[in-house]
Amino acid sequence: MRKNFIGLLLGGVVVSLGLSPLLVQAQQQISDAQVAAMVEALRQAAPQTGSQNDGFYSQWQVKPETLKGWSKYCLKKELTPTQFENSPVTARYVVSCITRRELNQQFLATKNNETAAVRGVACWWMTGSYKGCDSGFTATYVQKVLNLYQQQRSKPAASLSPRS
């Protein structure tokens with residue numbers, strides 16, 4: 001009985017060690033450069049309504065009801081739209097935090113396909129869903145974000161510093 005237990009235990013360790021590289025790859029964290037590129041792409045692609053009081057806040061055009069959940073998740077406290085709007089550093093931090101979370105989820109869902117992950121996050125950013133942005137305005141928006149992301153990723157890392 002004891003022999004079987006030790007054999008089973010050792011077998012489990014061997015299997016665990018054999019699978020660990022696969023688990024690490026599946027849970028690979030995205031880089032700061034990928035997050036910065038996505039954040040900047042989302043900022044540049046943000047639809048401009050032409051109205052100062054359009055109900056969206058910051059350079060990323062975030063809805064107030066969205067902002068509450070995001071700030072609570074990232075800062076452990078809710079921000080008012082005015083606080084978010086008046087602090088570009090805080091706004092970028094919150095957007096970066098959420099973008100990292102979503103990119104990580106999409107990299108996992110797409111088996112580390114960067115293009116598909118970026119498309120999924122861009123679609124989610126606009127619609128709240130990772131899929132369904134294959135035509136019309138949302139498809140145009142997703143393609144714009146992807147193009148801007150790729151431009152950002154092709155720049156040297158030093159040029160990805162946050163801009164207000």
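Cys133 is buried, with a relative accessible area of 9%, where buried means under 20% relative accessible area, exposed over 50% and partly exposed in between, computed with a 1.4 Å probe on protein chains only. The model is predicted, so local features need pLDDT of at least 70 and side-chain atom pairs count only at pLDDT 80 or more, while totals for chains, interfaces and linings use all residues. Residues are numbered from 1 along each chain as its sequence is written, and side-chain values use heavy atoms, with hydrogens and water left out.

**Overall fold and surface**

- The protein chain has seven helices and zero strands, with helices (H or I, at least four residues) and strands (E, at least two) taken as DSSP runs numbered from the N terminus.
- Read from the N terminus on, the order of elements in the protein chain is α-α-α-α-α-α-α.
- Of the 164 residues of the protein chain, 34% count as buried.
- The accessible surface of the protein chain comes to about 10,100 Å², and 57% of that surface belongs to carbon and sulfur atoms; the areas come from the Shrake-Rupley method with a 1.4 Å probe, and for residues only the protein chains shown count as cover.
- Among contacts (heavy atoms within 4.5 Å) between residues at least 6 apart in sequence, 56% join residues at least 24 apart.

**Disulfides**

- The structure holds two disulfides, a disulfide being a pair of cysteine sulfur atoms within 2.5 Å, and with bonded cysteines counted along the chain they follow the pattern 1-2, 3-4.
- Cys123 is joined to Cys133 by a disulfide with an S to S distance of 2.1 Å; since Cys123 lies in helix α6 (residues 114–127) and Cys133 in the loop between α6 and α7 (136–154), the pair ties together parts that are 10 residues apart in sequence.
- The torsion about the S-S bond of Cys123 and Cys133 is about 80°, so this disulfide is right-handed, and Cys123 is buried, with a relative accessible area of 2%.
- Cys74 and Cys97 form a disulfide in which the sulfur atoms are 2.1 Å apart; because Cys74 lies in helix α3 (residues 64–75) and Cys97 in helix α5, the pair ties together parts that are 23 residues apart in sequence.
- The link of Cys74 and Cys97 is left-handed, with -95° about the S-S bond, and Cys74 is buried, with a relative accessible area of 10%.

**Helix α6 and its ends**

- Helix α6 has 14 residues and reaches 20 Å from its first C-alpha to its last, close to the 20 Å expected at 1.5 Å a residue, where the expected span is 1.5 Å times one less than the number of residues.
- The buried residues of α6 are Ala117, Val118, Gly120, Val121, Ala122, Cys123, Trp124 and Trp125, and they pack against α2 (32–45), α3, α5 and α7.
- At the start of α6, a side-chain oxygen of Asn113 reaches to within 3.1 Å of the backbone nitrogen of Thr115.
- At the other end, α6 is followed by Gly128, whose phi is positive, near 90°.

**Pro88 in helix α5**

- Pro88 lies in helix α5 (residues 88–109) and is partly exposed, with a relative accessible area of 39%.
- Although Pro88 and Ser58 are 30 residues apart in sequence, they are 7.3 Å apart in space, C-alpha to C-alpha.

Methods:
Polar contact = N/O pair within 3.5 Å; in protein donor to acceptor, adjacent residues only side chain to side chain.
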